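Me: Can you walk me through this structure? Keep it quick.

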Amino acid sequence: MPRKKRQRRLLAPPSVKGFSVFGPKNRAEQVVLFFEEYEVIKLLDYDNLTQEEAAVCMEVSRPTLTRIYEAARNKVAKAMVEGKDLLIRGGNFQFDENWFRCNTCSAKFNMSKEDENCPVCHSTETISLNEYYKTR
Ligand SMILES: [Zn+2]
């Protein structure tokens with residue numbers, strides 16, 4: 001039986017689904033940045049963690065983290081240089097907590113139980129982002 005690829009641990013989903021080009025753009029194709037690639041850029045370049053620290057956060061080896069980071073940087077550079085939209089979706093990951101989005105007020109929040117209401121507007125119309133992002 002082939003060894004199952006280990007899922008990378010992510011703290012939280014990104015606040016946006018992607019980035020659109022401002023000005024003339026190459027509509028031929030979009031660049032898809034996997035969730036774990038977004039996360040590694042966030043941890044290293046935004047949170048300023050070392051590669052060792054980021055690898056511990058995502059529960060991957062240091063060489064794996066370096067590979068994910070290189071792929072991520074190549075994709076971001078390709079989108080910028082070639083004028084392509086960048087979508088954040090897919091990959092091999094698991095969120096650390098249960099994230100939800102409210103369909104009434106669009107608030108994003110995490111909580112332990114699925115049957116709770118939106119903490120902002122108390123709507124019961126909430127969807128699990130953990131499942132939502134898996135299928136995009
Ligand atoms: Zn709400």
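Predicted model: local features only at pLDDT ≥ 70, side-chain atom pairs only at ≥ 80, totals over all residues.

Me: Which domains is the protein divided into?
Reply: Domain 1 covers 30-90 and domain 2 covers 97-136. The bounds come from an automatic or database domain assignment. The C-alpha centres of the two domains lie 25 Å apart.

Me: Now helices. At what angle do α1 and α3 cross?
Reply: Roughly 100 degrees, and the axes of α1 (residues 35-46) and α3 (residues 62-82) come within 9 Å. That makes α1 roughly perpendicular to α3 (65 to 115 degrees; under 35 is roughly parallel, over 145 roughly antiparallel, the rest oblique). Axes are lines fitted to C-alpha atoms, for helices over the stretch in contact, and angles run from 0 to 180 degrees between N-to-C directions. Helices (H or I, at least four residues) and strands (E, at least two) are DSSP runs, numbered from the N terminus.

Me: Which residues meet there?
Reply: From α1, E36, E37, V40, I41, L44 and D45; they meet L65, I68, Y69, A71, A72, K75 and V76 in α3. Contact means heavy atoms within 4.5 Å.

Me: On to the largest nonpolar core. Which residues touch the most other members?
Reply: L10, F35, V40, L44, M58, L65 and F95, out of 23 residues. A core is a set of buried Ala, Val, Leu, Ile, Met, Phe, Trp, Tyr and Cys residues joined through side-chain atoms within 4.5 Å. Buried means under 20% relative accessible area, exposed over 50%, partly exposed in between (1.4 Å probe, protein chains only).

Me: Which element gives this core its largest share?
Reply: α3, with five residues. Each domain supplies at least three.

Me: Last one: S123. Buried or exposed?
Reply: S123 is buried, with a relative accessible area of 12%. It lies in the loop between β7 (108-110) and β8 (126-128). Not counting residues up to four places away in sequence, S123 touches C102, T104, N117 and C118.

Key
Residues numbered from 1 in each chain as written. Heavy atoms only, no water.
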